[in-house]
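User: I would like to understand how the terms used for a protein structure follow from their definitions. Could you take me through them with this one?

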Amino acid sequence: MEYRIVNAEEHHIPQLEELEKTCFSVPWTAQQLKSQLRDKNHEFIVAESTDGEILAYVGLMYVLDEGEISNVAVKPEYRRLHLGSALIEEILRRAENLNINFISLEVRESNIPAQQLYLKYGFKPEGLRKNYYDFPKENAIIMIKSKK
């Protein structure tokens, strides 16, 4: 499967909105997705097939040397093909170039595959947010990657 990793752009928003609906019980709206487009506080990248289909995405919000991975989504039919790994590697490379020293994220307690992916890249479970997610109600594990 051929794909490229590119910055998310406004013309990607309709596909990203559909991916949100597929992957999350409380999907982000088009406006919320637009607010994440690349600027001085965001990196937002997509894995795009050669015919322009969005296969996956990841977003990073940052201030000074601290960042937060906002969402990671991979179309169900493209999971287990290392798209998540490729996107995490690219977002971490960009974070390194931005001198970001601390990155956090939340992940559903039941989402073991995502937790394993983050562990692979040096994130460590550091806390719990009780009842963070809705539909179904579930705790979030706070995972952190720090250079220090």
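User: Which residues of the largest nonpolar core touch the most other members?

Analyst: This is a predicted model, in which local features need pLDDT of at least 70 and side-chain atom pairs count only at pLDDT 80 or more, while totals for chains, interfaces and linings use all residues. Residues are numbered from 1 along each chain as its sequence is written, and side-chain values use heavy atoms, with hydrogens and water left out. Among the 28 residues of that core, Val-58, Leu-60, Ile-69, Ile-88, Ile-103, Tyr-118 and Phe-123 touch the most other members. The largest share, six residues, comes from helix 3.

User: What makes a set of residues a nonpolar core?

Analyst: Its members are buried Ala, Val, Leu, Ile, Met, Phe, Trp, Tyr and Cys residues joined through side-chain atoms within 4.5 Å, where buried means under 20% relative accessible area (1.4 Å probe, protein chains only). A second, separate core of 11 residues includes Leu-16, Leu-37, Val-46 and Tyr-57.

User: Why is helix 3 called oblique to helix 4?

Analyst: Helix 3 (residues 83-97) and helix 4 (residues 112-120) pack at an angle of about 40°, their axes being 11 Å apart. Angles under 35 degrees count as roughly parallel, over 145 as roughly antiparallel, 65 to 115 as roughly perpendicular and the rest as oblique, and therefore helix 3 is oblique to helix 4.

User: Which residues make the contact between these helices?

Analyst: With contact meaning heavy atoms within 4.5 Å, Gly-84, Ser-85 and Ile-88 of helix 3 meet Leu-117, Tyr-118 and Lys-120 of helix 4.

Technical notes: Axes fitted to C-alpha atoms, helices over the stretch in contact; angles between N-to-C directions. Helix = DSSP H or I, 4+ residues; strand = E, 2+ residues; numbered from the N terminus. Buried < 20%, exposed > 50% of the residue type's maximum accessible area, 1.4 Å probe, protein only.
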